[in-house]
Amino acid sequence: MTAYTEKILKDIQENLSNSEIEEYFNKKCYLSKNEFGEVINALILSYNHDALKIALASKKFKDNVDVQNQYGEPIVHAILYAIRDVCKSDEIAEPHKLQFKASLFEILNDTSFNFNWNLTDYFEANNPLHIIALMTEWMTMDEITRFVQICLDQSINPLNKNYNHNSPIELFLASNIDAEQKNSLVKNLAQVSDKYLIEITENAYTE
């Protein structure tokens, strides 16, 4: 992160009011796409997400919905990975973990933010379904079901494989979810997957 970007971030987190932050991201933000991704990632990792919400609702984000952080993670991925890393930390108290997770889940659930869910990350080629399947230890079944449905509504294919050649269905099968709930979840994903198999078959016979 450059000194200029660090100064912008410090101002956002310590000096500017919410209205000033809103004006900055809507009218005065001249950060490059990479710099903007770094700032968004830092705001995700903070424990007060008011500035993050303002940034995600801004013109700057609407013009850069495919922005990535410095690790090649799209914003949905960055949020999910941040939740996972905080929840598995032994150094963070449980109430803080729950508060952090709830705050970011609320943001992901907010349809007013123009997230692009149908992307993969740079290093592992995970789509959001892959990540959720790897986070089940830190999610309730209601949360898992909710975010799986969001992914399906966003036309994310449960058959897509990451660089480890695992599909989300395979990862859910290997997860710690209760057997009965796992069966119901995987059955639903398998039914949705039929659509993609049919599309592949149809495309194979088109000229």
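# Helices, core and ring pairs in a predicted model

Helix α7 covers residues 94–109, and at 1.5 Å a residue its 16 residues should span 22 Å; the end C-alpha atoms are 22 Å apart, which agrees. The structure is a predicted model. The largest nonpolar core in the model has 60 residues. A search for aromatic pairs across the whole structure finds 7, while the count of disulfides comes to 0.

**Helix α7**

- The buried residues of α7 are Lys97, Phe100, Lys101, Ser103, Leu104, Phe105, Ile107 and Leu108.

**Helix α1**

- Helix α1 runs over residues 3–15, and its buried residues are Thr5, Ile8, Leu9, Asp11 and Ile12.
- These residues cover an arc of only 155 degrees around the axis, so they lie on the same side of α1.
- On the other side of α1, the residues Ala3, Lys7 and Glu14 are exposed.
- The buried residues of α1 pack against α2 (18–28), α3 (33–45) and α4 (50–56).

**The nonpolar core**

- Within the largest nonpolar core, the residues with the most contacts are Phe25, Phe115 and Phe172.
- Helix α6, residues 75–87, gives the largest share of this core, with 10 residues.
- Leaving aside neighbours within four places in sequence, phenylalanine 25 is in contact with Ile12, Phe36, Val39, Leu43, Ala55, Ser58, Lys59 and Lys60.
- Ile12, one of these contacts of phenylalanine 25, is also one of the buried residues of α1.

**Tyrosine 24**

- Tyrosine 24 is placed in helix α2.
- The relative accessibility of tyrosine 24 is 9%, so this residue counts as buried.
- Not counting residues up to four places away in sequence, tyrosine 24 touches Ile8, Ile12, Cys29, Tyr30 and Leu31.
- Among these, Ile8 and Ile12 belong to the buried residues of α1.
- Tyrosine 24 and alanine 57 are 33 residues apart along the chain, and their C-alpha atoms are separated by 12 Å.
- Tyr24 also belongs to a cluster, in which ring pairs link it with Phe25 and Phe36.

**Aromatic pairs**

- A pair of aromatic rings is described by two values, the distance of the centres and the angle of the planes.
- Among the 7 aromatic pairs of the structure is a tilted one between tyrosine 47 and phenylalanine 100, with 5.2 Å from centre to centre and 55 degrees between the planes.
- Tyrosine 47 lies in the loop between α3 and α4 and phenylalanine 100 in helix α7, so this pair ties together parts that are 53 residues apart in sequence.
- At 41% relative accessibility tyrosine 47 counts as partly exposed, whereas phenylalanine 100, at 1%, counts as buried.
- The rings of phenylalanine 105 and phenylalanine 147 have centres 4.6 Å apart and planes at 45 degrees, so this pair is tilted.
- This pair links distant parts of the chain, since phenylalanine 105 is in helix α7 and phenylalanine 147 in helix α9, 42 residues apart.
- Phenylalanine 105 and phenylalanine 147 are both buried.

**Cysteines**

- The number of disulfides is 0.
- Cysteine 151 is in no disulfide, and the nearest cysteine sulfur, that of cysteine 87, is 17 Å away.
- The relative accessibility of cysteine 151 is 0%, so cysteine 151 counts as buried.
- Cysteine 29 is buried too, with a relative accessible area of 12%.

- Alanine 125 is not a glycine, yet it has a positive phi of about 60 degrees.
- Alanine 125 sits in the loop between α7 and α8, where α8 covers residues 128–133.
- With a relative accessible area of 10%, alanine 125 is buried.
- Histidine 165, a residue other than glycine, also has a positive phi, near 65 degrees.
- The loop between α9 and α10 (168–173) holds histidine 165.
- Histidine 165 has 60% relative accessibility and so counts as exposed.

Definitions and conventions. Residues numbered from 1 in each chain as written. Predicted model: local features only at pLDDT ≥ 70, side-chain atom pairs only at ≥ 80, totals over all residues. Heavy atoms only, no water. Core = buried A, V, L, I, M, F, W, Y, C linked by side-chain atoms within 4.5 Å. Buried < 20%, exposed > 50% of the residue type's maximum accessible area, 1.4 Å probe, protein only. Helix = DSSP H or I, 4+ residues; strand = E, 2+ residues; numbered from the N terminus. Contact = heavy atoms within 4.5 Å. Arc of directions from axis to C-beta. Expected span 1.5 Å × (residues − 1). Disulfide = S-S within 2.5 Å. Phe/Tyr/Trp six-rings, centres within 6.5 Å; stacked < 30°, edge-to-face > 60°.
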